Amino acid sequence: MEYKWSVLFTILALILALVNCIEYSSLNEPYNIGGSLLKPCPLCNTNRKPGPGSPGTQSCCDSSQGVELAVQGGRDVYNRPITKDPKQPAIGTNPGSKGKSTVYNRNRPGSCCHGAVRDYLKTDHFENMFSKRNSLEVEAHAKGFWDYQSFITASAYYQPYGFGTTYINRTFFGTKEVAAFLAHVASKTSCENKVATNMEKLEWGLCYNKEKNSNSNYCDEHYKKSYPCAPGVAYYGRGALPIYWNYNYGEAGKDLKVDLLNHPEYIEQNSTLAFQVALWRWMTPIKKHQPSAHDVFIGYWTPTKNDTLAKRVSGFGATMNVLYGDLVCGQGDNESMKNFISHYLYYLDIMGVDQEEAKVPELLTCADQVAFNPSFFSNP
């Protein structure tokens, strides 16, 4: 009799283990965007308690990836796996970049690519952020173009790479990062009503999907071999976070596997692609050996001595420095910078995120920061 009960318990345990494995594998499948299987994020949380406001935990630490938990200065740090060449830093790549677009240092603070943006950014949040985008005053070409689902679909492309899904030392940065990204989007695509109140002006983002009345084709002949300008094509600003110049269209198109060099108009015709290109700009450094806006916001980037002297620190202010340089930063409390900040704080409020930490002046602004690059390299 005891033998029969032992057999039954053994069978039951095997069934439960099989069910758990099936559930685990279904929750941790990598995203499959456009038919290409993306490499899942190699850094994972290991059943640690999430930080306040985080949507959950993840248990997917894969020892085959070389992820290890270390304690540095009393903090839990999930170390990035070391590459085959110990002399080279670990590589973090954007989709389709083949390891060339983004270079990170080894053993930077670990992240957990958990959950999805749609888990905490809901339709009503998006509609409140951009409530005026389809108003009568909006130009016909942008009316009805932007929608919530397009952003969610586009963000899924970069979620396995940490966009909106990152934990650093058990603190969830995803909600703040999405608010920061959309604050840039709103500021760059706003057609605010001149008679609106200050609060109403923050609701006029996503009014445009391309630059108005451009008098330049933005063709740089220095890149005629790598990214030759197509005849009759103008590379003016397009997208949710507009990109300019033939070399940027070429790079973005290569990473996203879309022929944007010959057909930049695709961005004006597809809202998901328009958001993807914006996210490409957010996730990709402008130059090698520099951080992306994503890196400086969530704290992957470690300032050098020169950065410290230039008053550059991680935070929302540094994202403006990365994206716009001295067109916005290092000029005191100018209106352009304050506009970005106002959108960011407003979106944090809509998403129910505490603003106190975000309001630390040295993290929030770039008024005194020296630009990463001179104006020549700073896109509009």
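**Figure 1. Burial and overall make-up of the protein.** Buried residues make up 50% of the 380 residues. The model is predicted. The protein has twelve helices and six strands. Its accessible surface comes to about 18900 Å². Carbon and sulfur atoms account for 53% of that surface. Among contacts with a separation of 6 or more, 67% are between residues 24 or more positions apart. The structure also holds three disulfides.

**Figure 2. The largest nonpolar core, seen around Phe 151.** This core has 86 residues. Phe 151 and Tyr 344 have the most contacts inside it.

Figure 3. Helix 11 covers residues 335-350. At 1.5 Å a residue, its 16 residues should span 22 Å. The end C-alpha atoms are 22 Å apart, which agrees with that expectation.

Figure 4. At the start of the helix, Asn 334 contributes a side-chain oxygen. That oxygen reaches to within 3.2 Å of the backbone nitrogen of Ser 336. Beyond the other end, helix 11 is followed by Gly 352. The phi of Gly 352 is positive, near 75 degrees.

Figure 5. Cys 191 is joined to Cys 207 by a disulfide, S to S 1.8 Å. The link is right-handed, with 95 degrees about the S-S bond. Both cysteines lie in the loop between helix 4 and helix 5, so the pair ties together parts that are 16 residues apart in sequence. Cys 191 and Cys 207 are both buried. Leu 206 is in that loop too, between helix 4 and helix 5 (246-256). Its phi is near 60 degrees, a positive value in a residue other than glycine. Leu 206 is buried, with a relative accessible area of 0%.

Figure 6. The sulfur atoms of Cys 219 and Cys 229 are 1.9 Å apart and form a disulfide. The torsion about the S-S bond is about 110 degrees, so this disulfide is right-handed. Each cysteine sits in the loop between helix 4 and helix 5, and the two are ten residues apart. Cys 229 counts as partly exposed, at 25% relative accessibility. Tyr 218 is found in the loop between helix 4 and helix 5. Tyr 218 has a phi near 50 degrees, positive in a residue other than glycine. At 14% relative accessibility, Tyr 218 counts as buried, because the limit for burial is under 20%.

Figure 7. Asn 246 is found in helix 5. Its relative accessible area is 0%, and the residue is buried. Apart from neighbours within four places in sequence, Asn 246 is in contact with Tyr 218, Cys 219, Asp 220, Tyr 223, Tyr 227, Cys 229, Tyr 235 and Leu 261. This list includes both cysteines of the disulfide between Cys 219 and Cys 229.

**Figure 8. The disulfide of Cys 329 and Cys 366.** A disulfide joins Cys 329 to Cys 366, S to S 2.1 Å. The link is left-handed, with -80 degrees about the S-S bond. The pair links distant parts of the chain, 37 residues apart. Cys 329 is in the loop between helix 10 and helix 11, and Cys 366 is in the segment after helix 12. Cys 329 and Cys 366 are both buried.

Terms used: Residues numbered from 1 in each chain as written. Predicted model: local features only at pLDDT ≥ 70, side-chain atom pairs only at ≥ 80, totals over all residues. Heavy atoms only, no water. Helix = DSSP H or I, 4+ residues; strand = E, 2+ residues; numbered from the N terminus. Expected span 1.5 Å × (residues − 1). Polar contact = N/O pair within 3.5 Å; in protein donor to acceptor, adjacent residues only side chain to side chain. Buried < 20%, exposed > 50% of the residue type's maximum accessible area, 1.4 Å probe, protein only. Core = buried A, V, L, I, M, F, W, Y, C linked by side-chain atoms within 4.5 Å. Contact = heavy atoms within 4.5 Å. Areas by Shrake-Rupley, 256 points an atom, 1.4 Å probe, with all protein chains shown as cover. Disulfide = S-S within 2.5 Å.
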